[in-house]
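Good morning, colleagues. I would like to take you through a few features of one structure, beginning with a helix and its surface and ending with charged side chains.

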Amino acid sequence: MAKAPYKLPSVFVGCPYGKDFPFKAFKSSLDRIPFRWYYADTHLSTKHLLGVLRSYIRAVDYCIFDISTWNPNVALEIGLAEGLGVEYYILLNRKLSKGVPADIQGLQRIEYSNPKGIGADCLVPAVVKYLVKELTHPKNIYGELPSGSREPKFYFALSVLAHLRDNK
């Protein structure tokens with residue numbers, strides 16, 4: 001939950017950037033959710049990368065880490081979050097994954113098969129189910145929508161909130 005209950009949370013995202021991971025589609029989908037997303041910064045800095053990552057991870061409400069292609073940098077970021085005692089969630093794209101390493105197999109994870117769209121097996125509904133409906137105040141919006149076609153209307157409402165986040 002966001003540090004202030006009326007604000008949407010800020011979230012650090014640890015994910016691969018390589019050719020095996022659909023980063024553009026992944027980021028585009030997350031941008032439809034009105035959280036403040038922070039990714040590992042690649043700008044030149046005089047601080048050591050671990051110091052930069054530590055400041056990002058400490059500053060956010062929680063972290064999400066996509067381990068679909070099991071990237072060593074993402075593993076490092078998970079270790080930092082764990083060591084700093086910051087709340088985090090694991091994402092796993094079942095189509096990309098070749099298995100989860102044994103040391104984190106027991107951790108629950110949010111699974112999806114497609115980074116795009118709003119189908120039942122897509123990234124946005126998976127994140128919304130666990131991190132939006134239960135942990136943030138948009139759950140009140142969800143509760144007010146008629147039950148017949150609630151999901152698409154809720155995703156649209158989140159997109160509107162995301163648009164307002166990005167455009168003053």
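Predicted model: local features only at pLDDT ≥ 70, side-chain atom pairs only at ≥ 80, totals over all residues.

Together with Phe 156 and Leu 164, Val 160 makes a nonpolar surface patch of about 300 Å².

Helix α6 also has a partner. Its axis and that of helix α4, residues 123-132, come within 12 Å and cross at roughly 80 degrees, so α4 is roughly perpendicular to α6. Which residues meet there? On the α4 side they are Val 124, Pro 125, Val 128 and Val 132, and on the α6 side Phe 154, Tyr 155 and Leu 158.

Ser 29 belongs to helix α1, residues 23-30, and is buried because its relative accessibility is 5%. Beyond its neighbours within four places in sequence, Ser 29 contacts Pro 115, Lys 116, Leu 123 and Val 124.

I turn now to the charged side chains. The whole structure holds five salt bridges. One of them joins Glu 111 to Arg 94, at 3.2 Å from N to O. Glu 111 is in strand β5 and Arg 94 in the loop between β4 and β5, so this pair ties together parts 17 residues apart in sequence. Arg 94 also forms a salt bridge with Asp 121, with the closest N and O atoms 2.2 Å apart. That pair links distant parts of the chain, 27 residues apart, with Asp 121 in the loop between β5 and α4. Finally, a network of salt bridges links Arg 94, Arg 109, Glu 111 and Asp 121.

Conventions
Residues numbered from 1 in each chain as written. Heavy atoms only, no water. Patch = residues over 30% accessible without salt bridge, like charges linked within 9 Å, V, L, I, M, F, W, Y side chains within 5 Å. Areas by Shrake-Rupley, 256 points an atom, 1.4 Å probe, with all protein chains shown as cover. Salt bridge = Lys/Arg side-chain N within 4 Å of Asp/Glu carboxyl O. Axes fitted to C-alpha atoms, helices over the stretch in contact; angles between N-to-C directions. Helix = DSSP H or I, 4+ residues; strand = E, 2+ residues; numbered from the N terminus. Parallel < 35°, antiparallel > 145°, perpendicular 65-115°, else oblique. Contact = heavy atoms within 4.5 Å. Buried < 20%, exposed > 50% of the residue type's maximum accessible area, 1.4 Å probe, protein only.
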